[in-house]
Amino acid sequence: MLKLDIKEQNRFLRHKTPEEIIEWALPLTRKRIVTTSFGVYSAVLLSTFSKKDPDINVIWCDTGYNNYETYEHAQKLIRDYNLNINIYVPRRTKAFIDLTLGLPTVDDPKHESFTELVKLEPFRRALAEHKPEVWFTNIRVRQTAYRDLLDILSYSKEGILKISPFYYWKDEDLDAHVRANGLLKNTAYFDPVKALQSRECGIHLTG
């Protein structure tokens with residue numbers, strides 16, 4: 001695993017552009033992934049990587065519970081950016097999960113089992129198969145209390161160097177970038193695992 005003085009490197013990267021952050025990170029290792037949920041601003045990160053590292057392994061843990069608009073959005077971005085997509089799905093079918101767990105709310109005791117089955121186990125499987133040293137994400141400050149504690153660079157519990165090139169961007173910055181570059185937004189995105197914008201979906205806590 002890569003061992004860096006991330007406090008020093010975060011100071012260095014704080015005023016760099018996302019493109020410059022990615023360019024700084026690419027020589028670190030070839031064992032790198034980028035994760036996506038095909039959420040609201042997914043096109044921002046994925047379009048950037050289509051120019052900077054078009055062959056990077058793109059990891060999508062598809063819970064099977066995305067809405068139609070998200071699947072449509074995903075297919076368009078996969079096609080438009082020729083993504084090297086790696087899709088991980090639950091080991092149980094949606095019909096089986098519906099029967100045994102249903103679609104539990106966050107205050108339902110079954111929600112923990114639901115999260116493990118549809119999101120966390122597939123993500124651990126992805127990490128085990130790809131064994132990344134660098135993991136690019138689209139998390140940002142002000143999204144959740146946990147993410148406020150991070151920075152452009154952070155380490156996962158598994159010791160993977162997580163890099164969030166757009167960490168300090170606000171929604172207004174992303175919207176301006178979307179308009180300037182003719183990108184798509186998935187405004188209909190909803191994650192039943194996360195449910196609330198202020199909650200974590202889990203992979204950033206366990207990865």
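**Conventions.** I worked on a predicted model, where local features need pLDDT of at least 70, side-chain atom pairs count only at pLDDT 80 or more, and totals for chains, interfaces and linings use all residues. Residues are numbered from 1 along each chain as its sequence is written, and side-chain values use heavy atoms, with hydrogens and water left out.

**Nonpolar cores.** I looked up the largest nonpolar core and found 36 residues in it. A core here is a set of buried Ala, Val, Leu, Ile, Met, Phe, Trp, Tyr and Cys residues joined through side-chain atoms within 4.5 Å. Buried means under 20% relative accessible area, exposed means over 50%, and partly exposed lies in between (1.4 Å probe, protein chains only). Phe38, Phe136 and Ile163 have the most contacts inside this core. I noted the elements that give two or more residues to it, among them helix H2 (18-25), strand E4 (134-136) and strand E6 (161-163). Helices (H or I, at least four residues) and strands (E, at least two) are DSSP runs, numbered from the N terminus. Helix H3 (42-52) is also on that list, and H3 gives the largest share, five residues.

I then listed what Ile163 touches, not counting residues up to four places away in sequence: the list includes Ile21, Trp24, Val134, Phe136 and Ile152. Contact means heavy atoms within 4.5 Å.

**Arg32.** Is Arg32 buried or exposed? Arg32 counts as buried, at 10% relative accessibility. Arg32 is found in strand E1 (residues 32-35). I looked for polar partners, taking a polar contact as a pair of N or O atoms within 3.5 Å; within protein, one must be able to donate a hydrogen and the other to accept it, and residues adjacent in sequence count only if both atoms are side-chain atoms. The side chain of Arg32 has a polar contact of 2.7 Å with the side chain of Asp53, and reaches the backbone oxygen of Thr29 at 2.4 Å. Leaving aside neighbours within four places in sequence, the contacts of Arg32 include Leu26, Ile56, Asn57 and Phe136. I also took the C-alpha separation from Leu161, 129 residues apart along the chain: 9.4 Å.

**Salt bridges.** How many salt bridges does the structure hold? The count is 12, with a salt bridge taken as a side-chain nitrogen of Lys or Arg within 4 Å of a carboxyl oxygen of Asp or Glu.

- Arg11 and Glu8 form one, with the closest N and O atoms 2.5 Å apart. The two are about one helical turn apart because they are three residues apart in helix H1 (residues 6-13). Arg11 is exposed at 53%, and Glu8 is partly exposed at 39%.
- Glu116 and Arg124 meet at 2.3 Å, N to O. Glu116 is partly exposed at 30%, as is Arg124 at 38%.
- Asp175 pairs with Lys185 at 2.9 Å. This pair links distant parts of the chain, 10 residues apart, with Asp175 in helix H7 (residues 171-181) and Lys185 in the loop between H7 and helix H8 (203-206).
- Lys76, Arg79 and Asp80 are linked in a network of salt bridges.

**Ser154.** Last, I checked Ser154, placed in strand E5 (residues 153-155). Ser154 is buried, with 6% relative accessible area. Beyond neighbours within four places in sequence, Ser154 is in contact with Ile6, Ile160, Leu161 and Lys162.
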